[in-house]
Amino acid sequence: MELSPFTRKVNPEVPRLGVSTCHFVKMAATLREKQTAALRRMLNFNAPITKASSNEPQWKILVYDRFGQDIISPLLTVKELRDLGVTLHLNLHSDRDTIPDVPVIYFVMPTDDNVQRICRDFENQLYESYYLNFISAISRQKLEDIASASIQYSCVAQVSKIYDQYLNFISLEDDLFTLRHQDRDAISYYALNRGDVKDTEMEAIMDMIVDSLFSVFVTLGVVPIIRSARGNAAEMVAEKLDKKLRENVRDARNSLFTADSAPGQFSFQRPLLVLLDRNLDLATMLHHTWTYQALAHDVLDLKLNRVEIEESTNVQSPAGSPRPMKKKKSYDLNTNDKFWHIQKGSPFPTVAEAVQEELDAYRTQEDKVKSLKAAMGIEGEDDSAISMLSDNTAKLTSAVNSLPELLEKKRLIDMHTNIATALLEQVKTRKLDIYFECEEKLMSKSVQDKSLMELIADPEAGTPNDKVRLFTIALICGPHMSEAEIDQYCVALTEAGCDISPVQYVRRWKAYAKMTAAPSQYGGGGISSTGMFANLVSKGSQFVMEGVKNLVVKRHNLPATRIVDALMELKSYQDVEDYRYFDPKLLRADSSSVPRNKSPFQEAFVFVVGGGNYIEYQNLVDYAKSKSLTSPKKIWYGCSDLVNASLFLKQLGHLGKEI
């Protein structure tokens, strides 16, 4: 039985044992760049991309499942796919027509449903040749099922290649990744913490997380040193990942990690992987935020670097009078957008000022072009007109050449103006600045200007969800409350139309968790309110910031950042004394392993089991920046899924109802 195409191959981007180290000279490639390079290579039939293949790509069809779509969409635009020769991209489970003369590249998870559907494609002879790329490693059994189907339907010769790609994660930024977007409920905080979760279900969740983390390190070609707390889901992930990495490193014939590769991305030291459990810090998940990217996630539900906004436009009614009509518009926020790259971590008022400055600069440039056009239309033949004409011709040529750049700049300014306007509307309507200030003060133990009860009872301040979020943070971080006090607040919340089931869950969680030291974990923060928005008070401003506070937050470390700092800098910090140490490169796993490294880590991957958010990510980015002069650090943040506060509150509500 001829099964030549069924000899399993791995993603060629993945370093292999014995491969020349020239692959690692440019190790400064980020995780996002590595994943993009692997996808580009896959779309070139897993062959290196040459000048010839870039200039004249072979046309092909791309078929993906929903997981594949989520991985590709933040990395490659439709235009980039077209440039790589992809004429058509389709969902595996959609109705697809026969296209007999074209090769097809599949990029799918190795699930039973997907394998069956691929076998049906064989049966229907849909394409000329088949290149099968599985996001995670396919099992021997499923490989045999595909082989049997190809023999049964006489298309062995058309099945050209089968690859394990090890790309089972989503890169959103150079230093941010998440495991999944579709079907993320399967690995959510709720799935991990519900009371009736069975051991087999927990095992399956752990395997999903480990499979994705394994893909991250295979893509980078590094074996990290792993640290995790004891007695939680993060420890289970650490044990399983350590075992999986160790088995692969020891399998000399099939190892996915080269023996002679450089150990870290930017240094000769191996990176650290810090595995944290979401229960370490619930308050940050509910916190109202003040930075651009985190606000877009919280308020506008930023998903896979895309944000959707409802915009009002005037439409002519049959009677002839204009009537407002709302339509949804989506915007892509990616790393090529310089404004986004610079401002995504800035406080919202700073962003509004920066948008206004960009708009003013654009208008100045536009006016120059307009005045040049007017000058070119000078009438008369006098000397001044002719000399002016020749001088302006050069200027106009330069202006015309910069026109595409100017138009792109205008598109980006319009996009950020619309996003900032939508955010400002929500900030004003829900008084989000007051909530943010109040929560920051709770978390840093400062004196409150307004009592909690006042905010909860104020019908003008925020939605019911905003009120529950505020009170839950007060419960976790604020001064101790008696049961009677909590009940009193619960009555006030119910009267304000709030669902208090999340509060009930956090009450129980506080009782069970060793929360004695928790409140002290938030600290060192503080907030001050500066005066007017100097640059936005001018009449020409797009943004009417009246009534919104210009809040300046002092930099402080959240619990996750404090732990990462202690583990990277080898500090003796009470909370990490008990952290477990795993080194998958050691021959034998030893639960009593003690840290062997004596010098601080330069690189760390921080991964939160049970969901993460942009506030925590931004806090780690700020921490790394603060170290850039003394001891430069590179930190990546990952989480099982990126959850905004509304979704997390919903999960806490489900858990509260199950008590």
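Predicted model: local features only at pLDDT ≥ 70, side-chain atom pairs only at ≥ 80, totals over all residues.

Trainee: How many helices and strands does the protein chain have?

Mentor: Helices (H or I, at least four residues) and strands (E, at least two) are DSSP runs, numbered from the N terminus. On that basis, the protein chain has 24 helices and 17 strands.

Trainee: What percentage of the residues in the protein chain is buried?

Mentor: Buried means under 20% relative accessible area, exposed over 50%, and partly exposed in between, with a 1.4 Å probe and protein chains only. The protein chain has 659 residues, and the buried share is 53%.

Trainee: Which residues of helix α11 are buried?

Mentor: Helix α11 spans residues 292-300, and nine of its nine residues are buried, so it is largely enclosed by the rest of the structure. Just after α11, aspartate 301 takes a positive phi of about 55°. The buried residues in α11 are Tyr292, Gln293, Ala294, Leu295, Ala296, His297, Asp298, Val299 and Leu300.

Trainee: At what angle do helix α20 and helix α24 pack?

Mentor: Axes are lines fitted to C-alpha atoms, for helices over the stretch in contact, and angles run from 0 to 180 degrees between N-to-C directions. Helix α20 covers residues 501-512 and helix α24 residues 645-657, with their axes 7 Å apart and an angle of about 70°. That makes α20 roughly perpendicular to α24, a label for angles of 65 to 115 degrees (under 35 is roughly parallel, over 145 roughly antiparallel, the rest oblique). The angle asked for is about 70°.

Trainee: Which residues in α20 meet α24?

Mentor: Contact means heavy atoms within 4.5 Å. On the α24 side, the residues are Leu649, Leu652, Gly653, Leu655, Gly656 and Lys657. In α20, they are Ser501, Pro502, Tyr505 and Val506.

Trainee: How many salt bridges does the structure hold?

Mentor: Side chains of opposite charge can pair when their charged atoms come close. A salt bridge here is a side-chain nitrogen of Lys or Arg within 4 Å of a carboxyl oxygen of Asp or Glu. The structure holds 35.

Trainee: Which residue forms a salt bridge with arginine 40?

Mentor: The closest N and O atoms of the pair are 3.6 Å apart. Arginine 40 sits in helix α1 (residues 31-43) and its partner in helix α4 (residues 78-83), 40 residues apart, linking distant parts of the chain.

Trainee: Is arginine 507 buried or exposed?

Mentor: The side chains of arginine 507 and glutamate 483 meet in a salt bridge (2.5 Å, N to O). Glutamate 483 lies in helix α19 (residues 483-495) and arginine 507 in helix α20, so the pair ties together parts that are 24 residues apart in sequence. At 17% relative accessibility, arginine 507 counts as buried.

Trainee: Which residues do salt bridges that share partners join into one network?

Mentor: One member, Asp298, is also among the buried residues of α11. The network consists of Asp298, Arg430, Asp466 and Arg469.

Key
Residues numbered from 1 in each chain as written. Heavy atoms only, no water.
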